[in-house]
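Thanks for asking for a second pair of eyes on this model.

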Amino acid sequence: RARTSRGVSAMASGIGAKQQRRKRYSEAGVVFTEAYVARVSSLPGDASDDDDDVDVGAAASASESARAFKRALRAFTRLGSTFAEVEALRALVDALVLLANGGRATKSARRDRRAGTSSSSSIAVDADDDDDAELEPDAAFAPGVATFLALIFLENSRPLHRYVITSLRRFPPRARAVAEEALGSEILAAVAEARERGSDPDNRNRGGGGGG
């Protein structure tokens with residue numbers, strides 16, 4: 001009876017902790033700047049009423065995987081709470097992985113389908129598969145992954161950092177190299193922007209932003 005009581009208490013404690021995390025997450029989401037939203041709009045893919053500067057010709061020629069990623073990222077910027085963003089991040093990464101694979105499922109994903117299993121992790125790259133190592137990323141992958149990685153430098157993005165960074169492991173080798181180069185460029189750009197803000201007395205008085 002005492003053991004049962006301890007089990008119920010532990011379960012209640014776990015539920016309470018989960019509810020607290022959900023409450024904390026729901027209170028604030030990433031602060032998407034106008035510049036970031038414009039960057040999303042400029043990605044190859046479907047045009048929308050919000051895409052003032054989109055290249056219509058490029059949108060028409062974009063692959064279906066590029067369109068899917070742009071739709072997913074645009075929807076992501078409108079969620080409005082960290083809890084919703086954490087929940088939606090896996091699907092966003094799945095769309096990016098398809099871009100990384102050139103719009104094709106990896107060998108491991110095809111095995112999962114034949115076995116009758118299906119999950120978001122079924123798209124994960126199997127580094128031991130030579131076929132996967134030869135996959136070329138979609139032309140839209142480079143700007144897409146750079147925009148995705150820029151998330152971590154936006155205000156209130158800290159709860160997303162770990163998942164965003166570790167998602168690079170899911171890309172096949174050639175796409176992973178592109179992503180790592182993009183991450184380096186985004187870091188340099190963020191550092192330069194922070195230095196510029198720090199040298200501006202008006203910004204110092206207002207207080208800086210950042211990816212906290």
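1. Let me begin with a question: in what do the side chains of glutamate 64 and arginine 71 meet? They meet in a salt bridge, with 3.0 Å from N to O. A salt bridge here is a side-chain nitrogen of Lys or Arg within 4 Å of a carboxyl oxygen of Asp or Glu.

2. A word on the ground rules. This is a predicted model, in which local features need pLDDT of at least 70 and side-chain atom pairs count only at pLDDT 80 or more, while totals for chains, interfaces and linings use all residues. Residues are numbered from 1 along each chain as its sequence is written, and side-chain values use heavy atoms, with hydrogens and water left out.

3. Next, confidence. pLDDT is the predictor's confidence in each residue, from 0 to 100; the protein averages 76, and 60% of the residues score at least 70. Contact means heavy atoms within 4.5 Å. Where pLDDT is low, the predicted coordinates should not be read in detail.

4. On the overall layout, the protein has eleven helices and zero strands. Helices (H or I, at least four residues) and strands (E, at least two) are DSSP runs, numbered from the N terminus. Of the 212 residues, 34% are buried, where buried means under 20% relative accessible area, exposed over 50%, and partly exposed in between (1.4 Å probe, protein chains only). Among contacts between residues at least 6 apart in sequence, 72% join residues at least 24 apart. The protein exposes about 12400 Å², and carbon and sulfur atoms supply 50% of that area; accessible areas come from the Shrake-Rupley method with a 1.4 Å probe, and for residues only the protein chains shown count as cover.

5. The largest nonpolar core has 35 residues, and Phe69, Phe141, Phe148 and Phe171 have the most contacts inside it. Helices H2 (34–41), H4 (64–76), H5 (82–100), H8 and H10 (173–198) each give two or more residues to this core, with H5 giving the most, eight residues. A nonpolar core is a set of buried Ala, Val, Leu, Ile, Met, Phe, Trp, Tyr and Cys residues joined through side-chain atoms within 4.5 Å.

6. Helix H8 deserves a look of its own. Seven of its nine residues are buried: Phe141, Gly144, Val145, Ala146, Thr147, Phe148 and Leu149. Their cover includes H2, H4, H5, helix H9 (161–166) and H10. What does phenylalanine 148 contact, leaving aside its neighbours within four places in sequence? The partners are Tyr36, Phe69, Leu89, Leu92, Val93, Leu96, Val164 and Ser167.

7. Back to the charges. A search of the whole structure finds seven salt bridges. Glutamate 64 and arginine 67 both lie in helix H4, three residues apart, about one turn of the helix. Glutamate 64 is partly exposed at 48% relative accessibility, as is arginine 71 at 36%, whereas arginine 67 is buried at 18%.

8. The side chains of arginine 170 and aspartate 94 meet in a salt bridge (2.9 Å, N to O); arginine 170 sits in the loop between H9 and H10 and aspartate 94 in helix H5, 76 residues apart. Arginine 170 is buried at 12% relative accessibility, and aspartate 94 is buried at 13%. Elsewhere, salt bridges that share partners join Glu64, Arg67 and Arg71 into one network.

9. Finally, a charge without a partner. Glutamate 85, in helix H5, is buried yet has no salt bridge, and the nearest side chain of opposite charge, arginine 78, is 12 Å away. Beyond its neighbours within four places in sequence, glutamate 85 contacts Gly29, Val30, Phe32, Phe76, Leu79, Gly80 and Leu160.

Key
Lys, Arg positive; Asp, Glu negative; His and termini not counted.
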